[in-house]
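User: Hey, can you walk me through this one? I'd like to start with who touches whom.
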Amino acid sequence: MVSLSWDASAGATSYNVKRATVSGGPYATIQTQAGTSYSDTGVANGTPYYYVVSAVNAGGESADSAEASATPVAPPAAPTG
C-alpha cells in the first residue's frame with residue numbers, strides 16, 4: 001500500500017490522484033475525491049510508482065502537482081522458533 005497526502009488547494013472541490021509506473025508519466029487517474037489523503041492498495045510490492053495530483057472545481061482542472069514516488073515493500077515474515 002502507498003499512502004499519499006497533500007495540502008488543500010484554494011477553491012478546489014475535488015482532486016484527481018494519478019499514477020504511473022514510469023517517472024514523468026503517462027499518468028492514469030486512479031481516484032477522484034474531495035479529501036487530501038489517499039491510500040493506494042492496488043500496487044505490487046517492489047514496483048516503483050509515480051504520483052501526481054490535480055485540483056478540480058467548476059472552472060476545470062489545474063496543472064498536475066510535482067511528482068512523488070514510492071516503492072511499496074512487503075512486511076517481513078513472522079519470527080520462528
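User: Leaving aside neighbours within four places in sequence, which residues is tryptophan 6 in contact with?
Analyst: Keep in mind that this is a predicted model. With those neighbours left out, tryptophan 6 is in contact with Tyr15, Val17, Gln33, Gly35, Thr36, Ser37, Tyr38 and Val53.

User: New topic: is aspartate 40 buried or exposed?
Analyst: Buried, because its relative accessibility is 3% and the cut-off for buried is under 20%. Aspartate 40 is found in strand E4, residues 37-40.

User: What does the side chain of aspartate 40 reach?
Analyst: The backbone nitrogen of glycine 42, at 3.1 Å. Beyond its neighbours within four places in sequence, aspartate 40 also has contacts that include Arg19 and Tyr51.

User: What about arginine 19, where is that found?
Analyst: In strand E2. Arginine 19 is partly exposed, with a relative accessible area of 22%. Its side chain reaches glycine 42 too, but at the backbone oxygen, at 3.2 Å.

User: How many residues apart in sequence are arginine 19 and tyrosine 49?
Analyst: They're 30 residues apart in sequence, and 6.7 Å apart in space, C-alpha to C-alpha.

Key: Residues are numbered from 1 along each chain as its sequence is written. This is a predicted model: local features need pLDDT of at least 70, side-chain atom pairs count only at pLDDT 80 or more; totals for chains, interfaces and linings use all residues. Side-chain values use heavy atoms; hydrogens and water are left out. Contact means heavy atoms within 4.5 Å. Helices (H or I, at least four residues) and strands (E, at least two) are DSSP runs, numbered from the N terminus. Buried means under 20% relative accessible area, exposed over 50%, partly exposed in between (1.4 Å probe, protein chains only). A polar contact is a pair of N or O atoms within 3.5 Å; within protein, one must be able to donate a hydrogen and the other to accept it, and residues adjacent in sequence count only if both atoms are side-chain atoms.
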